[in-house]
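Subject: Two-chain model, handover and findings

Hello,

The structure is below, and my notes follow it. Please read them with the model open.

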Amino acid sequence: MASHTTVLSPEAPAMQRGQQQRLQLDTLEGKVVGFIDNAKPNFNYLVEDLAELLKSQHGVKDVIIRRKRAASVPAPVSYIDELAGCCDVVITGSGD
Amino acid sequence: MAVEVCSSAFVQLARAQASALGYTALPIAVVPHPFGTVSREAVRLMAQDCVAQIAGHACAAPAGVQADERACEAEETAAPCAQIEIPEAPDVYTAFNKLARAKRWSDGLPAVPPTPDRVEAMLAYTKRSRNEVVAKLAPAFGAATVESIAVNAVLAGCDPELMSVLVASVEAVAGTDFNLQSIQSTTNPAAVWVIVNGPIAERLGINAAGNCLGEGVHANAAIGRALRLLLRNVGGALPGDMDRATHGQPGKYTFCCAENEAENPWEPLHVERGFAASDSAVTVVGAEGTMNMCTLGKNANDLIRVIADTMRHAPSNEYVHGSEPWFVLCPEHAEIIHEAGISKAELKHRLWEESKMRAGVMAQEDFERLQASRTAELGLIGPDTLITISKKPEDIAIIVAGGKGGHSVYIPCFGNTRSVTRRIAEA
């Protein structure tokens, strides 16, 4: 019978995690879209352009923009609560 | 619903983190990389494609996806570490290291096989139960159980006596103020520097004197290495995946020292932070690197002036965010300043005042980051505004360590991070 050596894996032990599932919209027409600007260079310009295009091309009713003070900090809870409460879609910037 | 926007270089990070947080279906709209440095007109063109992606993601869910964005109710529990069998081989050590390299378990250097008996020996040096979750480590939010800390400690070659320092270090890096999420996934070279205070430092032989930030002492080398392996293997910060460092730095292999309390003319760091001198404590710092300050100055005012000059540099995350710069003063410099009747608090205040920098020296985009980050704190910021390196003088951190010689070290921090100190509970 072949012998073997047992080792323990240094990776994170398995955890049971909740799985979040994705919501589907029928249309953007008449919807409210929120943005969390991650404060990375140029993202404010992209948000400006996307806001205009979402309204002119997709009939979005209103756009709410909130900007983090820096990319390397989490969005304030007040932003998250506010946007979760009034938006149909929230768009966030991540990384560069 | 949520849609994420990121550049093509960051898609892997976004996917990995969404998956780690249980949101594998997170829709991502991608813009080309580089994004932050392109012209205003180029952004306008990218927006055309990006808005189409957003509309597509918002209105077309993949097959089988339910209209429910709430997380399923599930209690998070951690299992024991997985056991792996290495088939019989002439040289088990080599076979294990081949496996470790394939699975990216190590830092590139050879690792010690975490056999059950070695892990048990490590666990004997903590009173905490084997499957207790000490912390969940960002960005993957993997569970750092007592057992997984022990496994990584063996992997790094630690003597079992070091276990209690590692458990406290894991607790510290998971502290909210430390901002591990950003430190682990940033393009910045940030490494985690571990400082040990109190009687345990001498008992474990952690070097606080000559070459304390260099090589040669087991405890310094092994503690820093084990924490790095935990940040990779449990925290998920694998270079090129969730660790997006542009260069990284040698301190990501290991970065640990003790404070030279015997030659410190002031109170040691842990006492400054409310612990008793007889307590042992660990402090973790999100450190950008080390900058040596070689000066044979004998005048305290001269020393303070040249240290303040070293702090001032335009491409500095510390000035942008108002941070926590660190100094490792050598015993000789510390003694000169102390002999001049200057307390540690006064030294911090002097450095804070004398290191103020004119905002206009920054690159335009960094000046704008400064405005975004600190206008609420400082009011209107113009090119002639004098910017402090930290929000208040007390945020400047000073320890005394090192051997003979006129060299002190400036250790800039990552920016949006604060060091965290935790008591070391010995078995």
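Helices (H or I, at least four residues) and strands (E, at least two) are taken as DSSP runs and numbered from the N terminus. Chain A then reads β-β-α-β-α-β along the sequence. That is two helices and four strands.

Some ground rules. This is a predicted model: local features need pLDDT of at least 70, side-chain atom pairs count only at pLDDT 80 or more, and totals for chains, interfaces and linings use all residues. Residues are numbered from 1 along each chain as its sequence is written, while chains are lettered from A and ligands numbered from 1 in the order in which they are written.

Chain A

Chain A has a radius of gyration of 21 Å, whereas a compact globule of 96 residues would have one near 12 Å. The radius is taken over C-alpha atoms, and the globule rule is 2.2 Å times the number of residues to the power 0.38. The C-alpha trace of chain A spans about 75 × 35 × 25 Å along its principal axes.

Of the 96 residues in chain A, 39% are buried. A residue is buried if 20 or more other C-beta atoms lie within 10 Å of its own, exposed if 12 or fewer, and partly exposed in between, with C-beta atoms placed from the backbone. Two residues are in contact if their C-beta atoms, placed from the backbone, lie within 7 Å. Among the contacts in chain A with a separation of 6 or more, 75% are between residues 24 or more positions apart.

Which strands form the open sheet, and in what order? There are five, ordered S3(A)-S2(A)-S4(A)-S1(B)-S2(B), and the pairing is parallel. Strands pair if DSSP finds at least two bridges between them. Strand S3 (62-67) of chain A and S2 of chain B stand at the edges, each with a single partner strand, so one side of each has no neighbour in the sheet. The twist averages 20° from one strand to the next. Axes here are lines fitted to C-alpha atoms, for helices over the stretch in contact, and angles run from 0 to 180 degrees between N-to-C directions.

On the chain A part, helix H1 (residues 43-58) lies across strand S2 (32-37), S3 and strand S4 (89-93) of chain A. Helix H1 of chain A runs at about 170° to S3(A).

On the chain B part, strand S1 (residues 2-7) pairs with S2(B) in the parallel sense over four bridges. B:Ser7 has B:Val31 as its bridge partner in S2(B). The covered face of S2(B) holds B:Ala29 and B:Val31. Its uncovered face holds B:Ile28 and B:Val30.

The interface

How many residues of each chain take part in the contact? It is 82 residues of chain B with 51 residues of chain A. Helix H2 (residues 40-59) of chain B gives the most to the chain B side, with 11 residues. That side divides into 51 nonpolar, 20 polar and 11 charged residues. Ala, Val, Leu, Ile, Met, Phe, Trp, Tyr, Cys and Pro count as nonpolar, Asp, Glu, Lys and Arg as charged, and the others, Gly among them, as polar.

Strand S1 (residues 4-8) of chain A and strand S3 (residues 83-87) of chain B pair in the antiparallel sense over five bridges. There, A:Leu8 stands opposite B:Gln83.

Domains of chain B

Chain B divides into domain 1 (4-59), domain 2 (92-263) and domain 3 (290-411). The bounds come from an automatic or database domain assignment. The C-alpha centres of domains 1 and 2 of chain B lie 33 Å apart. Their contact takes seven residues from domain 1 and eight residues from domain 2. The domain 1 side has five nonpolar, two polar and no charged residues.

Backbone points to check

Most residues other than glycine have a negative phi, and most peptide bonds are trans. These are the exceptions I noted.

- B:His33 and B:Pro34 are joined by a cis peptide bond, with omega about 0°. B:Pro34 is in the loop between strand S2 (28-31) and H2 of chain B.
- B:Ala138 to B:Pro139 is also cis, with omega near 5°. B:Pro139 lies in the loop between strand S4 (133-137) and strand S5 (142-145) of chain B.
- B:Phe141 has a positive phi of about 55°. B:Phe141 sits in the loop between S4 and S5 of chain B. B:Phe141 is buried, because 22 other C-beta atoms lie within 10 Å.
- B:Asn211 has a positive phi near 65°. B:Asn211 is in the loop between helix H8 (199-204) and helix H9 (218-233) of chain B. With 13 other C-beta atoms within 10 Å, B:Asn211 is partly exposed.

Best wishes
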